[in-house]
Amino acid sequence: MATSGNLLLMTDSYKVTHHFQYPPNTTNVFSYFESRGGKFEYTVFFGLQYFLKRYLEGQVVTEEKIEKAKVFFEKHFGRKDIFNEKGWKYIVEKHGGKLPIRIRAVPEGYCIPFKNVLFTVENTDPECYWITNYLETLLVQVWYPMTVATNSREQKAIIAKYLHETAENMDSLPFMLHDFGFRGSTSVESAGIGDASHLVNFKGTDTLAGIEVADRFYGCDMAGFSIPAAEHSTITAWGKDGETEAFKNMLTKFPTGAVSVVSDSYDVFNACENVWGGVLHDLVAKREGRLVIRPDSGDPPEIVLKVLGILGNKFGTNTNGKGFKQLPPNLRIIQGDGIDILMLDKILGRMKDEGWSAENIVFGSGGGLLQKLNRDTQKCAFKCSWASVGGKDVNVYKDPITDPGKKSKKGKLTLELKEGVYTTVQEGKGDSSKDILQTVFENGKILKDFTFDEVRKNAKLPLES
């Protein structure tokens with residue numbers, strides 16, 4: 001059941017006046033959400049279930065919330081004749097405070113080419129035609145988890161490509177992009193939503209809020225995993241002359257399993273050559289578990305290649321079946337500074353050119369994963385496409401002469417798979433038996449509850465099959 005805030009206030013101010021603005025005798029409004037284009041040619045549809053469960057499920061309208069909204073809007077607009085008190089009270093009296101709307105959506109995790117419908121919203125009670133687009137503001141925020149999931153999957157595709165070319169298997173793929181984005185997020189909620197979206201594709205994270213979201217809203221007991229890791233404060237607290245002891249402490253306090261140690265506090269090259277590869281060489285070589293060395297500054301491709309070179313000279317390398325060099329299995333590096341989709345590709349490309357397998361490295365990403373995107377990254381929009389006015393069907397659309405890219409779709413919509421291609425059929429001309437959209441929400445109830453395992457399965461790369 002929804003638990004947060006007053007839904008009546010979760011909209012744009014001007015929408016509060018829209019119940020006055022539809023044509024007389026309007027009884028039904030049908031709207032849809034899509035990616036009109038953007039950076040990626042498809043979108044991973046994810047996150048609608050979060051918003052449905054958190055904000056729309058169950059009794060979300062009460063007399064108390066109506067009264068608070070009434071007072072609020074009188075102050076906000078400076079007048080008493082704006083707020084649709086009658087309409088909201090009708091929802092309480094007729095529907096027990098549950099929303100009389102139906103939402104149909106693409107199964108979560110599906111990868112749908114842009115310019116296709118992703119979900120539709122329509123009222124189920126003719127007295128509540130005004131509520132469909134009142135919910136636009138909240139529902140459009142699905143752009144964020146959807147775009148993060150798409151961005152993360154695209155990075156996964158790049159990593160998978162280099163693994164396929166330079167490694168003998170794909171076993172390490174689920175843990176090769178780790179979420180470092182909690183502190184760079186705009187709120188705890190955005191960190192949770194964003195990280196859960198990333199975890200659709202990967203299983204490594206330090207953003208605990210996302211694990212909670214995956215559990216609470218998608219029934220996943222433990223969606224992400226991490227390892228003990230040092231930060232600069234825990235290394236530099238030993239002083240510059242104590243760096244070797246700080247590193248040794250990490251090995252002795254965590255004698256088995258994976259452990260990550262940031263190594264650029266002073267001189268990462270000296271740390272790799274003379275500390276890890278010198279004084280502590282035998283401890284590293286004999287350790288039961290993986291040491292992950294983390295450079296954290298400098299030009300990423302140059303630093304990664306130089307560090308790999310030093311570690312390869314000190315600990316040796318093997319040549320795998322595809323002819324690429326690999327460090328010993330218990331030694332890897334993690335690049336967590338400056339990582340976004342472009343830098344990740346650049347580093348892996350340089351590694352391949354220099355004969356290194358992609359398996360030698362994992363990545364951490366924060367802003368490049370959760371923050372370097374916005375609603376326009378995938379040009380997400382919510383538009384009305386059909387209405388019933390005075391008993392007549394009206395195909396509703398916009399077609400601005402100044403921007404053809406903003407032309408909207410007409411009529412009732414279905415999403416169908418035709419000869420292997422997803423196609424949005426407009427103007428009610430589709431075949432409902434072939435419609436991929438599923439009714440996920442109706443009259444306050446969740447009708448389809450996706451598990452995180454289902455979402456992950458739907459979002460798999462072809463190379464993972």
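Guide: An open sheet of seven strands runs in the order β14-β13-β1-β5-β3-β17-β18, and its pairing is antiparallel. The edge strands are β14 (392–395) and β18 (445–446), each of which pairs on one side only. The model is predicted, so local features need pLDDT of at least 70 and side-chain atom pairs count only at pLDDT 80 or more, while totals for chains, interfaces and linings use all residues. Residues are numbered from 1 along each chain as its sequence is written, and side-chain values use heavy atoms, with hydrogens and water left out.

Visitor: What makes β3 and β5 a pair of strands?

Guide: Strands are DSSP runs of E with at least two residues, helices are runs of H or I with at least four, and both are numbered from the N terminus. Two strands pair if DSSP finds at least two bridges between them. Five bridges join β3 (residues 101–105) to β5 (residues 117–123), which run antiparallel, so the pair meets that definition. Within β5, Phe-119 is the bridge partner of Ala-105.

Visitor: How do you know that Lys-352 and Glu-165 meet in a salt bridge?

Guide: A salt bridge needs a side-chain nitrogen of Lys or Arg within 4 Å of a carboxyl oxygen of Asp or Glu. For Lys-352 and Glu-165 the N to O distance is 2.9 Å, and therefore the pair qualifies.

Visitor: Why is Asp-340 called buried, and why is Lys-372 called exposed?

Guide: Buried means under 20% relative accessible area, exposed means over 50%, and partly exposed lies in between, with a 1.4 Å probe and protein chains only. Asp-340 has a relative accessible area of 18%, and therefore counts as buried, whereas Lys-372, at 58%, counts as exposed. The side chains of Asp-340 and Lys-372 meet in a salt bridge at 3.5 Å, N to O.

Visitor: Why is the pair of Phe-72 and Phe-73 called edge-to-face?

Guide: Rings of Phe, Tyr and Trp (its six-membered ring) pair if their centres lie within 6.5 Å; planes under 30 degrees apart count as stacked, over 60 as edge-to-face, and the rest as tilted. The structure holds 19 aromatic pairs. In the pair of Phe-72 and Phe-73 the ring centres are 5.3 Å apart and the planes stand at 85°, so the pair is edge-to-face. Phe-72 counts as partly exposed at 40% relative accessibility, whereas Phe-73 is buried at 4%.
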